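Here is a short briefing for a reader new to this structure. Please look it over before reading the notes.

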Amino acid sequence: MEQELFDALSELEMRDETERLRSVADHLRANILSPDSAKFISMLAVSQKAKNIVEVGSGVGYSTLWLAYAASLTGGKVITCEIDPAKAAEAQATVEKAGLASYVELLIGDARETLRHRDEPVDFLFIDADFGQYETYFDVVYKRMGVGSTVMADDVVASENELADYTTYVQNHPSLESVTLPLNNGLEFTVKTAE
Ligand SMILES: C[S@@+](CC[C@H](N)C(=O)[O-])C[C@H]1O[C@@H](n2cnc3c(N)ncnc32)[C@H](O)[C@@H]1O
């Protein structure tokens, strides 16, 4: 890993830690993905040689950095979606500071709309956004995923009740296999197994 990427990741981890200790409200703080979970999804994307990566919920760009790092190793690209223009600006600055901007396309707006107008294939989707909409984010991208494509969704353990509809949906879908990984806030690991 390049030093500028390592530094950008460390800076956001320290900021998140400080903001948590100061009890800064969720919508005001960086609110980043747990570092182990971020590293895990990145390594998974690399091991799957994922080239077309989509993220819903860029925030300030922490998980985006890990996914962009994966894309830099697979020769791929990340399309990341953020509804809050201020957060999106921070995410853009983050990927530029880390030297990974060429691997990232940032879509500003509601992912349910911004992703609806895209048509490129998707082989890795990461969802870390508004809990009530996980199924909709999934559905917008699903038709562009082939067999073997992966969806990772965060917070399925920490926010089990809020995300119960999503986990029930993917775990009972006839064209998917899905399992809950109890890593940090919980990652739902879903693979498309049939068209
Ligand atoms: C928990 S934060 C994401 C943190 C980020 N993954 C990281 O590790 O740095 C969730 C983000 O999802 C964004 N969001 C919520 N609903 C959205 C939507 N419909 N479309 C795009 N982004 C959305 C929020 O503005 C917020 O920045």
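The notes below cover the sheet, the helices and the ligand shell.

This is a predicted model, in which local features need pLDDT of at least 70, side-chain atom pairs count only at pLDDT 80 or more, and totals for chains, interfaces and linings use all residues. Residues are numbered from 1 along each chain as its sequence is written. Helices (H or I, at least four residues) and strands (E, at least two) are DSSP runs, numbered from the N terminus.

- Seven strands form an open sheet: 7 strands in the order 3-2-1-4-5-7-6, with mixed pairing. Two strands pair if DSSP finds at least two bridges between them.
- Strand 3 (104-108) and strand 6 (176-181) stand at the edges; each has a single partner strand, so one side of each is left without a neighbour in the sheet.
- From one strand to the next, the twist averages 15°. Angles run from 0 to 180 degrees between N-to-C directions, and axes are lines fitted to C-alpha atoms, for helices over the stretch in contact.
- Strand 5 (residues 145-154) and strand 7 (residues 187-192) run antiparallel and are joined by 5 bridges. Here D154 stands opposite L187, and M152 has F189 as its bridge partner.
- Strand 6 and strand 7 also run antiparallel, joined by 6 bridges. T180 has E188 in strand 7 as its bridge partner.
- The hairpin of strand 6 and strand 7 has 5 residues between the strands, and N184 takes a positive phi near 50° there.

**Helices on the sheet**

- Helix 2 (residues 35-47) lies across strand 1 (52-56), strand 4 (122-127), strand 5 and strand 7. Helix 2 runs at about 175° to strand 5.
- Helix 7 (residues 164-172) lies across strand 5, strand 6 and strand 7, at about 135° to strand 6.

**Helix against helix**

- Helix 2 and helix 3 pack at about 20°, with their axes 9 Å apart. That makes helix 2 roughly parallel to helix 3. Angles under 35 degrees count as roughly parallel, over 145 as roughly antiparallel, 65 to 115 as roughly perpendicular and the rest as oblique.
- The crossing of helix 2 and helix 3 is right-handed. A crossing is right-handed if the near helix is turned clockwise from the far one by less than a right angle, and left-handed if anticlockwise.
- Residues in helix 2 that meet helix 3 include A38, I41 and A45; those in helix 3 include W66, L67 and L73. Two residues are in contact if their C-beta atoms, placed from the backbone, lie within 7 Å.
- This contact of helix 2 with helix 3 has 10 nonpolar, 3 polar and 1 charged residues. Ala, Val, Leu, Ile, Met, Phe, Trp, Tyr, Cys and Pro count as nonpolar, Asp, Glu, Lys and Arg as charged, and the others, Gly among them, as polar.
- Helix 1 (residues 3-21) packs on helix 3 at about 155°, with axes 10 Å apart. The two, helix 1 and helix 3, are therefore roughly antiparallel, and their crossing is left-handed.
- L5, A8, L9 and L12 of helix 1 make this contact with Y62, L65 and Y69 of helix 3. By class it has 7 nonpolar, no polar and no charged residues.

**Around the ligand**

- The ligand has 22 residues around it, and L33, G57, G59, Y62 and S63 come nearest. A residue is near a molecule or strand if its C-beta atom, placed from the backbone, lies within 6 Å of it.
- Helix 3 (62-74), strand 2 (77-82) and helix 5 (111-114) each supply at least two residues of this shell.
- The shell divides into 9 nonpolar, 6 polar and 7 charged residues.
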